Amino acid sequence: MSYPHRPTATFAVQGQRLAAGSLSTRELQAPPRNARPQQPRALTRRYEAAWLNASGDAESSTRIAPATALFEEAFSAMARGALVATEAGPVAVEDLVPGMRALTAEGRAETITWIGSMTLYPNAEGESDATLTRITAEAFGANRPVHDLVLGPRARLLLRDARCRSVAGSDAAYVPARAFVDGVSVIELRPVVPINVFHLVLQRQSSLRVTGMEMESYHPGTGIEAMVEPRMLALFSALFPQLARLADFGPHAHPRLTRFEVEQLLDA
């Protein structure tokens with residue numbers, strides 16, 4: 001997937017078109033100028049997960065864990081209605097089950113070993129925590145995406161651009177979806193009712209094909225064990241029962257760029 005420059009008004013804009021099964025306009029709105037006072041942020045959050053156990057069977061659980069970026073990133077890449085390419089055809093993210101095989105942008109099929117979800121609540125403290133990103137139909141070219149795609153606050157897209165090499169050492173890199181917000185074809189939205197968001201872990205970290213876009217499957221990052229204190233790390237590791245240790249996520253499929261880095265890169 002190539003993003004030669006930041007999306008502008010020259011792209012096809014389908015801001016009001018919604019695909020069947022996607023979020024309705026009642027559930028989403030642009031952040032208002034005079035929003036109501038934000039409610040205090042919860043210290044914990046309910047996280048739901050389903051995973052593939054050692055016998056190849058699916059299990060599920062619900063856990064209460066800290067409402068921090070470390071935990072939330074694992075559960076908040078796609079909103080309900082996002083269509084993930086699988087060997088069985090496109091499947092809405094909320095209908096996926098562990099054991100299904102996703103078709104990746106790297107040209108292979110990978111087993112979905114873990115599916116996480118959480119609920120975003122309106123008026124949560126911190127604008128970034130509850131803000132979604134809507135990419136309108138064909139904002140990045142023909143069938144990219146096929147129809148409006150709503151992403152969670154932690155979504156990363158795969159950017160294929162030779163300019164990435166100067167920063168990431170590679171012609172492709174994962175970048176925050178928010179880096180492409182232009183207010184026209186890529187829009188920030190805030191839910192006005194609770195919205196479920198999801199993320200996926202693959203047996204080998206790869207790029208998901210979602211509604212015509214290429215997205216990073218979840219990976220906590222290299223060296224996380226050294227960056228998080230032991231008690232918090234134990235709580236976090238418990239969210240992934242399919243893995244013996246976090247190092248089993250393996251290497252990244254592509255390097256990552258920050259929002260600042262990609263904005264500087266595309267504006268150059």
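**Loop between β9 and β10**

I began with E138, which lies in the loop between β9 and β10; helices (H or I, at least four residues) and strands (E, at least two) are DSSP runs, numbered from the N terminus. The model is predicted: local features need pLDDT of at least 70 and side-chain atom pairs count only at pLDDT 80 or more, while totals for chains, interfaces and linings use all residues. Residues are numbered from 1 along each chain as its sequence is written, and side-chain values use heavy atoms, with hydrogens and water left out.

I read a positive phi of about 60° for E138, which is not a glycine. Most residues other than glycine have a negative phi, and most peptide bonds are trans. E138 has 29% relative accessibility, so I logged E138 as partly exposed (buried means under 20% relative accessible area, exposed over 50%, partly exposed in between; 1.4 Å probe, protein chains only).

I then looked up N143, found in the loop between β9 and β10. N143 also has a positive phi of about 60° without being a glycine. Its relative accessible area is 46%, so N143 is partly exposed.

P145 lies in the loop between β9 (132–135) and β10 as well. I noted a cis peptide bond between R144 and P145, with omega about -5°.

**Confidence and totals**

I checked pLDDT, the predictor's confidence in each residue, from 0 to 100. The chain mean is 86, and 81% of the residues reach 70 or more. Over residues 2–21 the pLDDT is below 50, yet beyond near neighbours in sequence this stretch has 61 contacts in the model (contact means heavy atoms within 4.5 Å).

I counted six helices and 16 strands in the chain. Of its 268 residues, 51% count as buried. Among contacts in the chain with a separation of 6 or more, 69% come from residues 24 or more positions apart.

**Hairpins**

I looked at β5 and β6 next. Strand β5 (residues 83–86) pairs with strand β6 (residues 89–92) in the antiparallel sense over four bridges; two strands pair if DSSP finds at least two bridges between them. The hairpin joins β5 to β6 through two residues, and A85 stands opposite P90 in β6.

β15 and β16 are also paired in the antiparallel sense over four bridges. L208 has M215 in β16 as its bridge partner. Two residues lie between β15 and β16 in this hairpin, and T211 in the turn has a positive phi of about 50°.

Which residues of β16 are buried on its two faces? I found M213 and M215 on one side and E214 and E216 on the other, all buried, and both faces covered. In a regular strand the side chains alternate between the two faces of the sheet.

**Nonpolar cores**

A nonpolar core is a set of buried Ala, Val, Leu, Ile, Met, Phe, Trp, Tyr and Cys residues joined through side-chain atoms within 4.5 Å. The largest one has 37 residues, of which M78, L96, L151 and L200 touch the most other members. Elements giving two or more residues to this core include β8 (109–120), β14 (195–202) and α6 (259–267). I also noted a second, separate core of 26 residues that includes F71, L120, I224 and F240.

I listed the contacts of L96, leaving aside neighbours within four places in sequence: V84, T86, V91, I112, I115 and L200.

**Aromatic pairs**

I searched the whole structure and got ten aromatic pairs. Rings of Phe, Tyr and Trp (its six-membered ring) pair if their centres lie within 6.5 Å; planes under 30 degrees apart count as stacked, over 60 as edge-to-face and the rest as tilted.

How are the rings of F75 and W114 arranged? Their centres are 5.2 Å apart and their planes stand at 70°, so I logged the pair as edge-to-face. F75 is in the loop between α1 (69–72) and β4 (78–79) and W114 in strand β8, 39 residues apart, so to speak of the pair is to speak of a link between distant parts of the chain. F75 is at 0% relative accessibility and counts as buried; W114, at 0%, is likewise buried. Ring pairs link Y47, F71, F75, W114, Y218, F236, F240 and F249 into a cluster.
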